[in-house]
Amino acid sequence: MTKALFVQAIAKFSLGVVLVGVLLFLPAGTLDYPDGWLLMAILFIPMFAAGLVMMGKNPDLLKKRLQAKEQQTEQSTVIRLSGLMFLAGFIVAGLDFRFQWLPLSDWVSYTAAAAFLLAYLLYAEVLRENTYLSRTIEVQEEQKVIDTGLYGIVRHPMYSATLLLFLSMPLVLGSLLSFLCFLAYPLIIAKRIRNEEEVLKAGLPGYAEYLQRVKWRLIPLIW
């Protein structure tokens, strides 16, 4: 671990907390938004704990996860669409709470929070199984095909976990309208997955054979 990596990690984490807080509570017009605080807690407390673990045990993986500059130009559209989805989803959730357009019951928020934490556990398991994961699409030096564990079930278990994470977020916030915004995510991630598979098939030895062995990309028996 280096001081620069520590500073970078803390800075990005703090920026994320402030940004999500502003996008939720400013449209809500109040800090008295219980579902907003619930999401902030289940999102950032596990994230902070995971960052500490990676910083101590696998700083190289943390560095890869902090890397956000895509080398694939095709992914610029994916990044922009994802950003718009989060902006719209969080702002709409805050407005939905403020004006009580289509609020959901508390039990929906609590059930979604449990699903969110389950998705976090799946995400942690993917990070444990595959130390080559980065936030950008690339073939890394000495990278190998991972085909065991969750990777023996679906080709992209990290995206499976994020699918559950992101679709549960608006339900934690108690907003049906926000959930409709986040329904864009499966379409966005499908575009990313297709490009990622082409890159890996072209540059990673054994990946083409892996695609033949594991048929399902995201959800078993569906896609």
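Leaving aside its neighbours within four places in sequence, methionine 169 is in contact (heavy atoms within 4.5 Å) with Leu39, Leu43, Phe86, Phe90, Phe116 and Phe182. The structure is a predicted model, in which local features need pLDDT of at least 70 and side-chain atom pairs count only at pLDDT 80 or more, whereas totals for chains, interfaces and linings use all residues. Residues are numbered from 1 along each chain as its sequence is written, and side-chain values use heavy atoms, with hydrogens and water left out.

The secondary structure of the protein chain comprises nine helices and zero strands, where helices (H or I, at least four residues) and strands (E, at least two) are DSSP runs numbered from the N terminus. Of the 223 residues of the chain, 42% count as buried; buried means under 20% relative accessible area, exposed means over 50%, and partly exposed lies in between, with a 1.4 Å probe and protein chains only. Among the contacts in the chain with a separation of 6 or more, 79% are accounted for by residues 24 or more positions apart.

In soluble globular proteins, nonpolar side chains tend to be buried together.

Helix H4 also holds aspartate 96, which is buried yet has no salt bridge, the nearest side chain of opposite charge being that of arginine 98, 12 Å away. For such assignments Lys and Arg count as positive and Asp and Glu as negative, while His and the chain ends are not counted. Not counting residues up to four places away in sequence, aspartate 96 touches Trp101, Leu102, Pro103, Ser175, Leu176 and Leu177. Alanine 88 lies in helix H4 as well and is partly exposed, with a relative accessible area of 31%; the C-alpha atoms of alanine 88 and leucine 23, residues that are 65 apart along the chain, are separated by 9.1 Å.

A search of the whole structure finds five salt bridges, each defined as a side-chain nitrogen of Lys or Arg within 4 Å of a carboxyl oxygen of Asp or Glu. One of them joins glutamate 197 and arginine 217, with an N to O distance of 3.1 Å. Because glutamate 197 lies in helix H8 and arginine 217 in the segment after H9, this pair ties together parts that are 20 residues apart in sequence. Glutamate 197 is buried, with a relative accessible area of 5%, whereas arginine 217 is partly exposed at 23%.

Another salt bridge is formed by arginine 128 and glutamate 125, whose closest N and O atoms are 2.8 Å apart. These two residues are three residues apart in helix H5, and therefore about one helical turn separates them. Arginine 128 is exposed, with a relative accessible area of 58%, while glutamate 125 counts as partly exposed at 25% relative accessibility. In helix H8, lysine 201 and glutamate 198 are likewise three residues apart, or about one helical turn, and they form a salt bridge in which the closest N and O atoms are 3.7 Å apart. Lysine 201 is partly exposed at 40% relative accessibility, and glutamate 198 is partly exposed at 47%. Salt bridges that share partners also join Arg155, Glu197 and Arg217 into one network.

On the surface, Phe6, Val7, Ile10, Phe48 and Leu52 form a nonpolar patch with about 410 Å² of accessible area together. Patches are made of residues with over 30% relative accessible area and no salt bridge, like charges being joined within 9 Å and nonpolar side chains (Val, Leu, Ile, Met, Phe, Trp, Tyr) within 5 Å. The elements that give two or more residues to the patch are H1 and H2, and the largest share, three residues, comes from H1. Leucine 52 lies in helix H2 and counts as partly exposed, at 46% relative accessibility.

Technical notes:
Accessible areas come from the Shrake-Rupley method with a 1.4 Å probe; for residues, only the protein chains shown count as cover.
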